[in-house]
Each structure stands twice: as structure tokens, then as C-alpha cells.
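Colleague: I am new to this structure. Could we go through its salt bridges one by one?

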Amino acid sequence: MSGPTPDDDPGLTVPPPAFVGFDLQVMVDRAVYAPGETVRITVTAANQGARAVEHRYPGWQRFVTSVRDEHHRVVAHDEVSRTAEEPAIDRWLPGQMTIWPLYWNQTRGPLVPAWVDEPPGTQVEPGRYRVRVTWLGRESGSREQLGDAWSGVFELT
């Protein structure tokens, strides 16, 4: 049995579902790369909804990016090992969009070595790869998570 709805009680307000109209995408600049060529990764986030939203993040990082091989194993990532003293907050107006460029040099380990204490790894093998982006923001009062964004498959020759 469900509880009352706004139709039953006009004084009852139901908050809108989190992430309605919020869009996260990731893409790479080409479908095929030669050995050692830099893979340009572009992450976009946009509030395409009709209302302003506020996202809270556990630290300064807005999303985590990982490069995955054809067996879905993480070969590179940008997860930060440094902590922030306070959570970050972004306010997204309707129509607001942000674009983040990232660059992968086809090595294992960190995408951005300055963000972690581990050194870059060895060159990855030729094969098929995809990029996955996990959004870390949450709307206040909601435990909902935004679905992950995936790039198309690209090949390292």
C-alpha cells in the first residue's frame, strides 16, 4: 500500500527525482590509434532539465574515469588518492554545460600521475578499449546515482 500523493493532499510536496534532465557523456576523438598515440578523451556534463540543481561531491573530483580493455578490466584510471577537507558543491542552472578534456598515453595506471602517488605503468597491448565515467555528484537528500557513461569502442593497433 502506498502513502498519500499530492493529488490526495495539495499541501504535500514530492521532490523531483534526482538527475532528471542531467546528461553525462564521454567520447574519444578517433576509432583507431597507432602505438603510443595520445587518446583524447572528452567528458561532458549538462543540466538539460528545467530546474536548477545542486550536486555535492565527496571531494574536489567530479567524476572518475577508467579505461577498460575488451574483458572489462581497468587498465588506467584517474581516481584521486588525495583527500579534500570538505565536500565540493556545484550549482547547475538549466542549460549549463561543462566540458573536460583528458589525455591517455596508452599506459597502465594513472591517467594523471600528479593526482596519485603511483607512477605511470607499462604500455598497454594492442586491442579494443572503452572509457567509462562514473559521476560522483549527488543531489542533497537523495541517494540516487547517475548512470555511468561509456565511450564507443576504440582500437589500439
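Colleague: Which side chain meets Glu-125 in a salt bridge?

Modeller: Keep in mind that this is a predicted model. Side chains of opposite charge can pair when their charged atoms come close. For Glu-125, the N to O distance in the bridge is 2.6 Å, and the partner is Arg-108.

Colleague: How many residues apart are Glu-125 and Arg-108?

Modeller: Glu-125 sits in the loop between strands E9 and E10. Arg-108 lies in the loop between E8 and E9. The pair thus links distant parts of the chain, and the separation is 17 residues.

Colleague: Is Glu-139 buried or exposed?

Modeller: Glu-139 is in strand E11 and pairs with Arg-51, from the loop between E3 and E4. Their salt bridge spans 3.1 Å, N to O. Arg-51 is partly exposed, at 25% relative accessible area. Buried means under 20%, and Glu-139 has 11%, so Glu-139 is buried.

Colleague: Which strand holds Arg-132, the partner of Asp-148?

Modeller: Arg-132 and Asp-148 form a salt bridge of 2.5 Å, N to O. Asp-148 is in the loop between E11 and E12, 16 residues from Arg-132. Asp-148 is partly exposed, with a relative accessible area of 30%. The strand that holds Arg-132 is E10.

Note on methods:
Residues are numbered from 1 along each chain as its sequence is written. This is a predicted model: local features need pLDDT of at least 70, side-chain atom pairs count only at pLDDT 80 or more; totals for chains, interfaces and linings use all residues. Side-chain values use heavy atoms; hydrogens and water are left out. A salt bridge is a side-chain nitrogen of Lys or Arg within 4 Å of a carboxyl oxygen of Asp or Glu. Helices (H or I, at least four residues) and strands (E, at least two) are DSSP runs, numbered from the N terminus. Buried means under 20% relative accessible area, exposed over 50%, partly exposed in between (1.4 Å probe, protein chains only).
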